[in-house]
Amino acid sequence: MAISLWSLKVGDRCRIECFDDTLADSYRVRVMELGFHPGEVVSCVQAPAFGAPKVYRVSNTMFSLDEEVAAHIRVVLLTANA
Amino acid sequence: MRKVILIGSPNSGKSLLFNRLTGMHQKVANFPGITVDMASGPMQSLPDVTIVDYPGTYSLQPISGEEEVAVEHFKHALDDPQVVHVLCLIDATRLEKSVYFMLQVIRECESHGKRVVVLANMMDILKKHQISIDLEGLAREIKAPVIGISARTGIGFNDLVESLNSDINLDEKSVDSGIAEVPDAFLRGTAHQLARRYGPKGDILIKSQTRLDDFFLHSVFGGISFFVIMYLLFQSIFTLAAPAMEGVESALGWVSDWVVPAIGSQMARDFTADALFSGIGAFLVFVPQIFVLTFVIGILEDSGYMARAALICHKPLRVFGLTGKSFIPMLSGVACAIPAIYAARSIDSPRKRLLTYMAIPLMPCSARLPVYTLLIAAFIPQVTAFGGLLGMQGLAMFAIYFFGMASGLVVTGLVSRMSEDHYADLPFVLEMPPYRIPAWQPLIRNSWNRSKHFVTKAGKIIFAVTVVVWILGYFPNFGQDLAASWLGYLGLWIEPLFAPLGLDWRYGVAVLTSFLAREVFVGTLGTMFGIEGAEENMVPLVAQIQASGLSIASGLALLVFFAIALMCVSTMAIMARESESNTLTLKLFAAYGLAAYGLAVLTYNVATLFS
């Protein structure tokens, strides 16, 4: 079942399924340019307090994405942090 | 003369490579978006080749002002017949981030008949971790030379020079990678496959990076460490700079003792003692603080912490209509508003960029530092604890800096709620650079250049103002009675304006002259109090202010006034240029001027009630 990237907890790994239609085209293109492709494995490495942007690892790069972007990326959970 | 364009994604080491190739000293830092302007210079090993460095961008489809400028100029430059090569810098450790941009560059260059040489940077890091990357395979696929280099160590520079020399005579038809007509969507898919097939095989992310993030981005320790780091930044201005400041004072004293008595003419002697050593000397004492401030901010940028600070600040700044990306320009504004306004280009949302422009003049810039230091030294007792780590004066400085920053946030918060949003807002996406040990030499060089720039920029204005103030104060009675001088008459005429702050005409004149540059306030007061000799810098001026009967309420009112008023001509000029709006700049000047005066009067009256 697809969930949003934003809902991942630290240590969770997922595979990107698709993007919500509500995500602006320019931002969909930009996150894809940065490596957030459908099929790519992403892990959540930091989730600072107070709703600050979370840090995600794609391949060898880390990006922080805030809720406005991450909530629109649909993912399938691969491994959940115990 | 041949031109070679250098282009690459943010934080790929482009400025460092430019410096290595040209021997120049562009600012380098471990933070995306440091290069905001183009720079050019001849290549050291090929003097007939000029390298043109473009701001970093993730794509040739721009979504921010900074990227738009870079892309526009890049496409325009490809029409220049002098441009023979384009050096496209990619990060070999993170190929997936760079390959799509590289393909876009190759496609654009191909349509203009320009040759691309791809430079895969950071090969030293791959070597260190014994991780392989198939650059030959990548070169075969894209039909362009790919050279593995390290901008830090110089690996691959010989191959680069050879490549720039070997294929200059190839004609335009030889530029054919077969992607001239490929649409963006297909190019993205190709880039993804190339990165997977030829990218580094292995885990490069250093475990220590995650461990450091576990602490610096921790829900509790992250916030605490942020405030501790910011406090240490401000305290270092005093603790680290103090010996150098004393050194400058002593040196000026020695020169003054030697020079002034040797001058024959009384008027020349008065001018040298009062205008030069008092006015300009008092300003030079603060240069070590500027150096330390720039150096410490440089450490934060170069270590990779600055991006974490932007992340931590994002949510709180959003409350005030800003973004975490506003934090960097605002913090840069603590050093100087001019580079801060340039740095605001990296904010992709036009609305948030505009709000950041509004906040920057309220950031406590280094030009305010001499004024704050003087007033705090005059009114706040020098009490310290914990071996000098905690001090009343340091806390007062922290408070006035905090007041300036808080004022900036209040303004942006109010404006963002009151004004209609004409722009589509853009969400927050920020690359987290790896933590690194700062490169000390460029940091010191950059701090030195900033201090030099501060002295040369402000020095000319201060010299001119100091001379004018000295002439007005010296004539017509040759320095016998300041109150009966031209300056005295001018001060008395404007005194009613400053009376509600409890200030006499001398402070009024100093405030007026500081509209050219804030730090002129200190020099003008030095001249006005007619302090002589070398020891006449900080300590005697403070003593004179204390002896002048100025109340603590007036001192606080002055601090508040200087924290709010937009008084720097250079800042206004840069803001008008960057925002493309003279109206915005003039409105801010008037609004901040009136607010500063009103709040200063309020502060004076409240403080008088309690004193």
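Predicted model: local features only at pLDDT ≥ 70, side-chain atom pairs only at ≥ 80, totals over all residues.
Visitor: Why is the contact of Glu33(A) with Arg30(A) called a salt bridge?

Guide: The cut-off is 4 Å between a side-chain nitrogen of Lys or Arg and a carboxyl oxygen of Asp or Glu. In Glu33(A) and Arg30(A) the closest N and O atoms are 2.8 Å apart, so the pair meets the rule. Side chains of opposite charge can pair when their charged atoms come close. Glu33(A) is buried, as is Arg30(A). Over all chains, the structure holds 13 salt bridges.

Visitor: What makes the pair of Lys14(B) and Asp53(B) a salt bridge?

Guide: The N to O distance of Lys14(B) and Asp53(B) is 2.9 Å; the limit is 4 Å, so the pair counts. This pair links distant parts of the chain: Lys14(B) belongs to helix H1 (residues 14-22) of chain B and Asp53(B) to strand E3 of chain B, 39 residues apart.

Visitor: How do you know whether Lys14(B) and Asp53(B) are buried or exposed?

Guide: By relative accessible area, with buried meaning under 20%. Lys14(B) has 4% and is therefore buried. Asp53(B) has 0% and is likewise buried.

Visitor: What does the salt bridge of Arg94(B) with Glu431(B) tie together?

Guide: The closest N and O atoms of Arg94(B) and Glu431(B) are 2.8 Å apart. Arg94(B) sits in the loop between strand E4 (83-91) and helix H3 (95-111) of chain B, and Glu431(B) in strand E9 of chain B, so the pair connects parts that are 337 residues apart in sequence. Arg94(B) and Glu431(B) are both buried. Asp91(B), Arg94(B) and Glu431(B) form one network, joined by salt bridges that share partners.

Visitor: What does Glu431(B) pair with in chain A?

Guide: Glu431(B), in E9(B), is the bridge partner of Phe63(A).

Visitor: Why are E5(A) and E9(B) said to pair?

Guide: Pairing requires at least two bridges between the strands. E5(A) and strand E9 (residues 429-431) of chain B have three, in the antiparallel sense, so they qualify.

Visitor: How many salt bridges cross the interface of chain A and chain B?

Guide: The rule finds two. One of the salt bridges in the structure joins Glu40(A) to Arg196(B), whose closest N and O atoms are 3.7 Å apart; that is within 4 Å, so it passes. Between chain A and chain B there are also seven residue pairs in polar contact, both residues at pLDDT 80 or more. On the side of chain A that touches chain B, helix H1 (25-33), strand E4 (54-58), strand E5 (61-65) and helix H2 (67-70) of chain A each supply at least two residues. H1(A) gives the largest share, seven residues. By type, this side of chain A divides into 16 nonpolar, nine polar and six charged residues.

Visitor: How many residues are in contact, and what area do the chains bury?

Guide: In chain A 31 residues are in contact with 36 residues of chain B. The two chains bury about 3200 Å² between them, 58% of it on carbon and sulfur atoms.

Visitor: Why is Leu317(B) called buried?

Guide: Its relative accessible area is 7%, and the cut-off is under 20%, so Leu317(B) falls in that class. Leu317(B) lies in helix H13 (residues 305-319) of chain B. Beyond its neighbours within four places in sequence, Leu317(B) is in contact with Leu322(B), Thr323(B), Gly324(B), Ser326(B), Phe327(B) and Leu409(B).

Note on methods:
Residues numbered from 1 in each chain as written. Chains lettered and ligands numbered in written order. Heavy atoms only, no water. Contact = heavy atoms within 4.5 Å. Buried area = accessible area lost by both parts, 1.4 Å probe. Polar contact = N/O pair within 3.5 Å; in protein donor to acceptor, adjacent residues only side chain to side chain. Helix = DSSP H or I, 4+ residues; strand = E, 2+ residues; numbered from the N terminus. Nonpolar A, V, L, I, M, F, W, Y, C, P; charged D, E, K, R; others polar. Buried < 20%, exposed > 50% of the residue type's maximum accessible area, 1.4 Å probe, protein only.
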